[in-house]
Amino acid sequence: MLRRQVRNSPIWTWPTHPGFLRHTMNDNSIPSENLSSKTAGNSAVIMNPINNSAHSVAPQFNAANANGAHPSASSSELLSAFECPVCLDCMLPPYLQCPSGHLVCGSCRPKVTCCPSCRGPVPSIRNLAMERIASTLIFPCRYNGCTQSFAAQEKVEHEEVCEHRPYSCPCPGAACKWQGALPEVMTHLVRNHKSITTLQGEDIVFLATDINLPGAVDWVMMQNCFGYYFMLVLEKQDKAELQTSTANTQMFYAVVQLIGAKNDAESFMYRLELNNRRRRLTFEGTPRSIHEGVSGSINQSDCLCFDTNQAQLFSENGNLGINVTITRLSDAADDGSSVSSGRVCKVDK
């Protein structure tokens with residue numbers, strides 16, 4: 001029997017199994033022998049649950065950068081005053097200075113106990129003149145690889161969704177705080193989340209065990225096809241605080257994410273299907289990038305959703321099998337197959 005994982009536990013203890021990913025402390029490479037796999041085509045894996053408990057560039061003048069060009073040397077030198085001495089990112093309003101006139105950005109200010117430039121008092125005097133100047137500037141995105149520039153507030157909003165921002169660990173329920181570049185995500189998963197099994201092929205069966213366990217639970221696995229890795233997550237939420245005499249407070253959400261960028265995810269479609277006793281529940285949609293996270297799909301109901309009553313219709317002995325099919329849109333078009341641009345959820349009896 002596989003041991004279950006309690007959410008927020010920093011250590012994952014699992015028995016040795018040929019289908020589990022191996023664990024080391026070095027994230028420099030992905031040894032191919034450590035990726036467990038099965039044969040393609042209706043492969044199945046038993047997934048045990050995991051109990052649940054998430055360069056410094058100077059700003060630019062609007063007039064000088066209307067065409068998106070880089071700032072001139074004189075502009076960069078003049079605006080170097082907006083560089084935070086701690087994080088080296090562009091400082092954004094409001095601006096607070098120490099008695100000697102030194103600034104620090106709003107993100108770094110709570111972390112310092114004195115002025116990082118002169119060791120005087122922590123900056124606390126508002127500089128309205130700098131704020132007026134900042135209103136005439138555009139600032140580059142802080143992430144390497146992104147060439148866009150924005151006004152101060154737009155910069156903040158853009159960086160929250162920028163495709164070049166670091167990727168967070170996509171494994172739910174693990175309370176993992178890891179962040180890194182996209183090529184490092186699989187390395188991290190292989191070496192630090194060795195309970196996740198990987199299946200090869202476009203059509204697989206994801207078998208989640210013990211779905212009747214109480215509380216919030218996650219089941220996770222990986223699917224490798226078309227040269228990409230997809231993360232499949234079945235999450236059970238227990239909303240006990242909303243419980244009434246008639247309400248069913250437990251809901252299941254099945255989500256497919258691409259270990260990749262949003263643009264790559266839009267090149268695929270996936271199909272999830274539950275079937276048993278002449279019943280069939282299906283969902284078709286576009287996978288999301290792991291940048292968007294499982295919660296984004298669940299909050300928008302952009303996934304396969306069903307309650308515990310429906311789960312019982314499709315489960316056997318407390319185990320629930322989900323058929324997963326990944327399709328690349330270009331291949332479907334070449335075959336003359338119909339391609340749905342939306343999503344469909346239906347129950348056949």
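Which residues have the most contacts inside the largest nonpolar core? I opened this predicted model with that in mind, and I found Leu-234 and Phe-306 in a core of 32 residues.

**Entry: Phe-306 and its partners.** I set aside sequence neighbours within four places and listed what Phe-306 touches. Leu-234 is in contact with Phe-306, and so are Met-251, Phe-252, Leu-274 and Leu-281. Ala-311 and Leu-320 complete my list for Phe-306.

**Entry: strand 13.** Next I turned to strand 13, residues 217–225. Are its residues buried or exposed? I found nine of nine buried. I then sorted them by direction: Val-217, Trp-219, Met-221, Gln-223 and Cys-225 point one way, while Asp-218, Val-220, Met-222 and Asn-224 point the other way. I was pleased to have both sets down as buried.

**Entry: strand 13 and its partners.** Which strand runs parallel to strand 13? I found strand 11, residues 198–200, joined to strand 13 by three bridges. Thr-198 stands opposite Met-222 there. With strand 14, residues 228–238, the pairing is antiparallel and covers nine bridges. Here I marked Asp-218 opposite Glu-235.

**Entry: the turn.** I finished at the hairpin that strand 13 and strand 14 form, with two residues between them. Phe-226 sits in this turn, and I wrote down its positive phi of about 55 degrees.

Note on methods:
Residues numbered from 1 in each chain as written. Predicted model: local features only at pLDDT ≥ 70, side-chain atom pairs only at ≥ 80, totals over all residues. Heavy atoms only, no water. Buried < 20%, exposed > 50% of the residue type's maximum accessible area, 1.4 Å probe, protein only. Helix = DSSP H or I, 4+ residues; strand = E, 2+ residues; numbered from the N terminus. Pairing = 2+ DSSP bridges. Core = buried A, V, L, I, M, F, W, Y, C linked by side-chain atoms within 4.5 Å. Contact = heavy atoms within 4.5 Å.
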